[in-house]
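Biologist: I would like to learn how to read a structure like this one. Could you take me through some features, one at a time?

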Amino acid sequence: ETGSNPTSLQDISGAPGVRGQKVTTIQKDGLISFMQSIILNTQLDSKEPFYVLDLGTVVSHIDQWARALPSVRPFYAVKCNPGPALLGAMAALGSGFDCASRAEIESVLGLGVSPDRIIFANPCKPEAHIKYAASVGVNLTTFDSVDEVEKIRKWHPKCDLLIRIKALDDSGARCPLGPKYGALPEEVEPLLRAARAAGLTVSGVSFHIGSGATHSSAYRGAIGAAKSVFQAAARLGLPEMRVLNIGGGFTAGQPFEEAASNVREALQAHFPNAQGWLSLIAEPGRFFVESAFTLAANVIGKRVRGELREYWINDGIYGSMNCLLYDHATLTCVPLACSSKRANPTCEGAITYSSTVFGPTCDALDTVLTGHRLPELQVNDWLLFPNMGAYTMAAGSNFNGFNTSAILTYLAYSNPS
Ligand code: PLP
């Protein structure tokens, strides 16, 4: 289905969250000058941090997905980045949605997306959220415990279930999920029996090999383990399973191509002739959005200590850069010396100094970069941080009164072709 999706700006410009907003068409290499123009055109006293979302990158990743995994329908993981323009664009591009909570379901339904395009893919849900899902017709969820079966029986007995199994090798992931979620092999049959006893339908299997996975061979192991669960269900005489959810864990570029090739081979090995009876779905987050967002933060302070340069910027570890802690991210940045209209704003060829970049709060933990080579910057210059779309603003706080959710997002569109 994704193959027939709209793939041009025209197709997504009417989407909720995008409609009515200015979308600037830029060249593939024109992002820095676009950000510079935003900085120069913004009122002098507004030096707040801001994001640019390049919708062209999102479109291009949707196309890459459809080319590499045409039989696997993506359900974008809202938790990764719930920005309204992004969600609207994903909806217009035909994606389904993986929601973790009532609020995420509400925001997706608010786009006019029908409930059958949503999977409530949180294996342990508050009862009130299950009740809400029942009331709006979100009828597919995951589970990995007997207690969850009981809650779903009570509040949403018409819900189809996917049994979430542990991907046994998620050791190569930036954020392994195995320590928290997934049934062990010996737990599978008791869980299937519990669901049957509760009168619930287990329609398939899901797994997640960990976010930011680096061992893409883990998809092979997990797809093989999923096949064993399909066989166990058949042995128990349960209705035939018909959904396989391969989760997330994809990173754009070469890692995605490798992962997709592992997935294709494992599907061919374990689920040949799947066409017609097996629905293949996935819950990618990072893949679609990581490189689509670039953050600009303003230099609000400076201290020189011998050869060391120390800078303070107005976003940090309690804001967008929480990804340093929670997502084990490594950040990089490009300087944009706009404070004094310099001829060479990106400072190419300039002498660099070992620099520390602090966030704006009064906590020493709020340190964004250390030992980073930067040219001499002044207060009111800017730093641009690429690849800031995944697990950044979604988990930022208001600590010290620096409000992550107030950060503006400007929309751009670089032609993906
Ligand atoms: N699905 C579930 C259940 C998750 O917990 C996550 C991330 O934590 C995702 C999907 C998205 O994963 P990723 O961003 O690695 O694709």
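Biologist: Where is Cys362 placed?

Modeller: Helices (H or I, at least four residues) and strands (E, at least two) are DSSP runs, numbered from the N terminus. Cys362 sits in the loop between β14 (352–358) and β15 (367–375). This is a predicted model, where local features need pLDDT of at least 70, side-chain atom pairs count only at pLDDT 80 or more, and totals for chains, interfaces and linings use all residues. Residues are numbered from 1 along each chain as its sequence is written.

Biologist: What does UniProt list for Cys362?

Modeller: An unreviewed UniProt entry lists Cys362 under "active site". UniProt positions are given in the numbering used here, feature names are shortened, and annotations may be inferred rather than shown by experiment.

Biologist: Does Cys362 count as buried or exposed?

Modeller: A residue is buried if 20 or more other C-beta atoms lie within 10 Å of its own, exposed if 12 or fewer, and partly exposed in between, with C-beta atoms placed from the backbone. Cys362 counts as exposed because it has 8 C-beta neighbours inside 10 Å.

Biologist: Now a helix, please. Which residues of α5 are buried?

Modeller: The general idea comes first. An α-helix has 3.6 residues a turn, so residues three or four places apart point the same way. In α5 (residues 102–109), the buried residues are Glu104, Ile105 and Val108. Seen down the axis of α5, they fall within an arc of 100°, so they line one face of the helix. The arc is that of the directions from the helix axis to the C-beta atoms.

Biologist: What covers the buried residues of α5?

Modeller: Contact is the idea here: two residues are in contact if their C-beta atoms, placed from the backbone, lie within 7 Å. The cover includes α4 (84–92), β4 (96–99), β5 (118–120) and α6 (127–136).

Biologist: Which residues is Val72 in contact with?

Modeller: Leaving aside neighbours within four places in sequence, Val72 is in contact with Ile246, Leu280, Ile281 and Ala282. Val72 belongs to strand β3 (residues 72–77), and it counts as buried because it has 21 C-beta neighbours inside 10 Å.

Biologist: And backbone angles: what is the phi of Asn273?

Modeller: Asn273 has a phi near 55°, a positive value in a residue other than glycine. Its place is in the loop between α10 (254–270) and β10 (279–282). Asn380, also not a glycine, has a positive phi of about 85°, and is found in the loop between β15 and β16 (382–385).
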